[in-house]
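Please consult the sequence and the structure shown below alongside the text.

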Amino acid sequence: MAELDTYDWDGLADDLLDVVQPYHVDLLKLAYGEANNVLPIKVDFDQQNPRVKDVLGQLGKQIKNVSDTVKDNAQRVVADGIDKGQTITDIAKGLREYGVTDSKSRSELIARTETATAYNHGALLAYGDANVDKVQVMD
């Protein structure tokens with residue numbers, strides 16, 4: 001979450017969390033699946049797991065003050081990006097095209113940070129559920 005803490009999230013709305021949370025859930029599930037490829041035991045993703053709920057509650061909380069138009073546009077960009085398997089660059093371009101931000105570097109940072117943060121948290125949750133107490137996260 002360090003990248004999110006240092007990023008300037010002014011101009012984005014708290015309710016954008018509702019838009020990106022399904023994306024976060026998908027990334028957490030993906031991370032659990034990947035962890036199962038290397039763990040000696042199987043861990044199941046459970047959205048009701050208190051630790052998973054806590055992480056989902058934390059992801060995206062820095063997003064503030066976005067208009068309904070920007071929220072709708074961001075929702076379309078994220079949903080389309082997920083459905084189409086788009087790259088970070090494609091999602092970032094969509095964020096710019098739909099007015100979420102007008103900066104190329106900011107849009108790429110948002111797309112990259114949100115994707116990496118959700119995935120890394122999912123992986124750590126999966127390892128924790130498998131009772132692995134030490135993991136080195138390479139970012």
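Helices here are DSSP runs of at least four residues, numbered from the N terminus. In that scheme, Val52 lies in helix H3. The structure is a predicted model, and the points below are grouped by topic.

**Overall organisation**

- The protein chain contains six helices and zero strands.
- Along the sequence, the elements follow the pattern α-α-α-α-α-α.
- Of the 139 residues in the protein chain, 41% are buried.
- When contacts between residues at least 6 apart in sequence are considered, 73% of them join residues at least 24 apart.

**Surroundings of Val52**

- Val52 has a relative accessible area of 0% and is therefore buried, the cut-off being under 20%.
- Leaving aside residues up to four places away in sequence, Val52 touches Leu28, Tyr32, Phe45, Asp46, Gln47 and Leu125.
- Val25 stands 27 residues from Val52 in sequence, while the C-alpha to C-alpha separation of Val52 and Val25 is 9.1 Å.

**The aromatic pair**

- A pair of aromatic rings is described by the distance of the centres and the angle of the planes.
- The count of aromatic pairs comes to one.
- This pair is formed by Tyr32 and Phe45, with 5.3 Å from centre to centre and 80 degrees between the planes, an edge-to-face arrangement.
- Tyr32 belongs to helix H2 (residues 16-38) and Phe45 to the loop between H2 and helix H3 (50-58), so the pair ties together parts that are 13 residues apart in sequence.
- Tyr32 counts as buried because its relative accessibility is 1%, whereas Phe45, with a relative accessible area of 22%, is partly exposed.
- Both members of the pair, Tyr32 and Phe45, are among the residues that Val52 touches.

**Packing of helices H5 and H6**

- Helix H5 (residues 88-97) packs with helix H6 (residues 104-129) at an angle of about 125 degrees, and their axes are 8 Å apart.
- This angle makes H5 oblique to H6.
- H5 and H6 cross in a right-handed sense.
- On the H5 side, the contact is made by Ile88, Thr89, Ile91, Ala92, Leu95 and Arg96.
- On the H6 side, the contributing residues are Lys104, Ser107, Glu108, Ile110, Ala111, Arg112 and Thr115.
- Sorted by class, the contact of H5 with H6 comprises six nonpolar, three polar and four charged residues.

Methods
Residues are numbered from 1 along each chain as its sequence is written. This is a predicted model: local features need pLDDT of at least 70, side-chain atom pairs count only at pLDDT 80 or more; totals for chains, interfaces and linings use all residues. Side-chain values use heavy atoms; hydrogens and water are left out. Axes are lines fitted to C-alpha atoms, for helices over the stretch in contact, and angles run from 0 to 180 degrees between N-to-C directions. Helices (H or I, at least four residues) and strands (E, at least two) are DSSP runs, numbered from the N terminus. Angles under 35 degrees count as roughly parallel, over 145 as roughly antiparallel, 65 to 115 as roughly perpendicular and the rest as oblique. A crossing is left-handed if the near helix is turned anticlockwise from the far one by less than a right angle, and right-handed if clockwise. Contact means heavy atoms within 4.5 Å. Ala, Val, Leu, Ile, Met, Phe, Trp, Tyr, Cys and Pro count as nonpolar, Asp, Glu, Lys and Arg as charged, and the others, Gly among them, as polar. Rings of Phe, Tyr and Trp (its six-membered ring) pair if their centres lie within 6.5 Å; planes under 30 degrees apart count as stacked, over 60 as edge-to-face and the rest as tilted. Buried means under 20% relative accessible area, exposed over 50%, partly exposed in between (1.4 Å probe, protein chains only).
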